[in-house]
Amino acid sequence: AIGGGEPERLGSEQNSKVKDEGDKKEMIGILSMGGLVICRMLTYPPTRRELIVGCGLQMFQQLAGINTVMYYSATIMQMSGVQDDRLAIWLAAVTALTNFIFTLVGVWLVDKVGRRKLTLGSLAGTTFALLVLALGFLLSAQVSPQVTLNPEGPSGPNSSCTKYSYCNGCMLDPFCGFCYKLNKSSVVESSCVPVNKKSTIEAAWGRCSNETKLKTGDTFWAYNFCPTPYSWTALLGLILYLVFFAPGMGPMPWTVNSEIYPLWARSTGNACSSGVNWIFNVLVSLTFLHTAEYLTYYGAFFLYAGFAFVGVIFIYGCLPETKGKKLEEIECLFESSLCTCGISDSDDGRYIEYIRVKGSNYHLSDNDASDVE
């Protein structure tokens, strides 16, 4: 027997039916309206929430810095202290290969793990990798070589470059470079001098102004980076970044956007989310070098890590699991308030059981199991 509460259950079922009928009438009324589809999407609460989630996923994909990493991977390697241009390019190719391989891993995992878990784990790992990158650059900045010489140029002291006491400040100035010698592994006779306006591979004047001598002599020229023993941290951070990003945050924003919208709003929803993706792609890509200049290199990656952490919170609260769901079921996932769409979706592992109660079928939920004797 089932103890107590049967009238309350029947009442709640009736209220649920009334609510469903009201939602259906609201949806029919919205669909019968004229005007732009985007206006109807914003008017109908479930599609409005779906649009926010879809656009939010695409926004955080870009704010996590993926295209900064892909576009500037060779530059990032040079920033970390890799002096050989060819080596920097080959190391960038290694990161591109990592991205390709782990994208295939994501294709394999998507139906095994689920969209929500894969996206959440991917962005959490991406946040960790960005912190590794930022800490690597911070560590390099902490051991930045000191400027020991302040030579005068042909037209007198150069005020824009001689003001720097350490290589870290010199390399952040796009008009200056670091000229130095090596005594075994120690940097000696170092100076911060103006870069040649025609080519950044040599100084405007002084001992680092002759490219041929730089290749054969004991004097070295560093533009946009400082000599450091911690160059490996950038490669480690980039590989970790793509290992975590490629399986989840790479394909999942596109996968989720292809599933969450009803048929009448699918093309418009995908168009809006794609537009958001490209807008933030351009913004992040265009501002990376300026951000690195004003916030330092480690500051830029700490900023991206902060964006990614906010994205983790957004996904945890707003993205429900859509694996194995029908269109009607997906729309029901977005009927609750936005910040509880993801948290309330906890039906994994539940089962449905029907029992006979006084000649009628009654649905037994997990919470009702204690009522059965």
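Mentor: We begin with residue classes: Ala, Val, Leu, Ile, Met, Phe, Trp, Tyr, Cys and Pro count as nonpolar, Asp, Glu, Lys and Arg as charged, and the others, Gly among them, as polar. The model is predicted, so local features need pLDDT of at least 70 and side-chain atom pairs pLDDT 80 or more, while totals for chains, interfaces and linings use all residues. Residues are numbered from 1 along each chain as its sequence is written, and side-chain values use heavy atoms, without hydrogens and water.

Trainee: How many cavities of 30 Å³ or more does a search of the whole structure find?

Mentor: Rolling a probe the size of a water molecule over the atoms shows where empty space is left. A cavity is a set of points, on a 1 Å grid over the protein atoms alone, where a 1.4 Å probe fits but cannot get out; lining residues have an atom within 4 Å of a point. Here the search finds 1. The largest cavity holds about 110 Å³, volume being the space filled by probe spheres set on the points, which are joined across faces, edges and corners.

Trainee: Which residues lie nearest the centre of the largest cavity?

Mentor: They are Phe-137, Ser-140, Ala-141, Asn-168 and Met-171, out of 14 lining residues. Helix H7 (115-142), helix H8 (167-172) and helix H13 (297-318) each give two or more residues to this lining; helices are DSSP runs of H or I with at least four residues, strands runs of E with at least two, numbered from the N terminus. The lining comprises 8 nonpolar, 6 polar and no charged residues.

Trainee: In what order do the strands of the open sheet stand?

Mentor: Strands of a sheet pair through backbone hydrogen bonds, either parallel or antiparallel. Pairing requires that DSSP find at least two bridges between two strands. The 3 strands here follow the order E2-E1-E3 with antiparallel pairing. Strand E1 (residues 176-183) is joined to E3 by 4 bridges, and Tyr-180 stands opposite Phe-220 in E3.

Definitions and conventions. On a 1 Å grid over the protein atoms alone, a cavity is a set of points where a 1.4 Å probe fits but cannot get out, and a pocket is an open set with protein on both sides within 12 Å along at least five of seven lines; lining residues have an atom within 4 Å of a point.
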